[in-house]
Amino acid sequence: MSTIEPVFRIIPTIQNYDWGKKGKDSKVAEFASGAGICGFTLNQSVPYAELWMGTHVKSPSGVVDRKQNLTQILTENPDLIGDQVSRQFDTTNGNLPFLFKVLAIGKALSIQTHPDKKTSEKLHAEQPTVYTDPNHKPEMALALTDFKALCGFMPIVNIAEYVKTVPEFQSLIDPSIVTEFLNFTNLSESDQKTVLKKLFAALMTADVSNIATQLQTLVARYQRGGQTPLEEDLKDLVLTLNEQFPGDVGIFCAFMLNYVRMTPGQAIFLGAGEPHAYVEGDIMECMANSDNVIRAGLTPKAKDIPNLVSVLTYAPSDWQKHMVKPVDITPYTRKYDPPTQDFTVLQVKTQKSEIETHEAIPGPSIAIATEGSGRITWSGGELDLEAGSVIFVGAETKIEITAGDSNLVVFRAYVTA
């Protein structure tokens, strides 16, 4: 029997990574101001990159008016997670299967991927200070503002066009690999993946001085307006990435990965082994409860190019393959259901005084209000909501979400197994 109400406020944690938007320009800072974080004072010169909501060992959420954090509360009250979820996932010591975040991206994140479960366990055993947990990390990014990202390998025919058209890119690759790659139309799908892997590996392991030289040549050509029509769409991205990470090999990934521009409400899912880099914007992000990242470019942090090259799927496609198309399940609630059992996200939009009812689900959830004000009600009580309020809802708990004097927007992440 729980010793706490099934619905209660939690206190998210802030990650001040260098790439975060600064001060009031950051959605993370905006929501932190309303989240009840003890001692929080907005500083316009500080980057506010991520807001974490969950039980990850690196930074578990607190609980309002309790000395224990969320992990400890759930350890003491396992019924809040629910038997169904605990049978499907490892919920030992109050571990939630998912981690919910807000990201505010002012500068590009690294070219990266996330390992699958088996690889995560191996990397964690070998390098526990780098790969801090043994879990996989499929993730979904849901745009709160206009959002830009590099996402998955673009169709192989498109990469081939860039190899042929961008001399600075081609100059980094051994001619025999270029020839083999450009012969892709005569290859099976399996062999196309093999030559794509060779091309990517050759790029990521190219001579550092040659990378710097070719980037200088490329940037100078773009600055004087020498881009071809094919390159026009990537010109500003390349110049921006070079300003942020001068001389970095990751800039050339713009010619291999899909460049995605999303509007609020659009979402993409990235499974294990999919290369990506978030470039700019504010998003909700939900993922399996992990912080494992294999990096290879656009970062001052340690790079692990061998592991990144080895774990990628090399499945080229249009970026729409990664899209998560929401389904309206009620007039007020939209469901984002990616191809993973680890999490689902709901977006609730209610106008003044409107009420949305969510029937009980057999798993835990975390909700954050991102616009407006209102309240959340359950059989045992109610809590006020404002932008930044973060609420934990225990398994098998029916709730009502009611808008106040203005429109209310709430995002709710949950797992049901």
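In which loop does Phe-245 lie? I found Phe-245 in the loop between helix 10 and strand 11 (257–262), where helices (H or I, at least four residues) and strands (E, at least two) are DSSP runs numbered from the N terminus. I note that this is a predicted model, in which local features need pLDDT of at least 70 and side-chain atom pairs count only at pLDDT 80 or more, while totals for chains, interfaces and linings use all residues. Residues are numbered from 1 along each chain as its sequence is written, and side-chain values use heavy atoms, with hydrogens and water left out.

I then looked up the accessibility of Phe-245, which is buried at a relative accessible area of 9% (buried means under 20%, exposed over 50%, partly exposed in between, with a 1.4 Å probe and protein chains only). Leaving aside neighbours within four places in sequence, Phe-245 is in contact (heavy atoms within 4.5 Å) with Lys-107, Ala-108, Ile-251, Leu-298, Thr-299 and Pro-300.

Next I took helix 9 (residues 208–223) and helix 10 (residues 232–244), which pack at an angle of about 130° with their axes 10 Å apart; axes are lines fitted to C-alpha atoms over the stretch in contact, and angles run from 0 to 180 degrees between N-to-C directions. The contact is made by residues including Leu-215 and Leu-218 of helix 9 and Val-238 and Leu-239 of helix 10.

Last, I traced an open sheet of eight strands in the order 6-1-22-19-24-17-16-15, with antiparallel pairing (two strands pair if DSSP finds at least two bridges between them). Its edge strands are strand 6 (62–63) and strand 15 (327–328).
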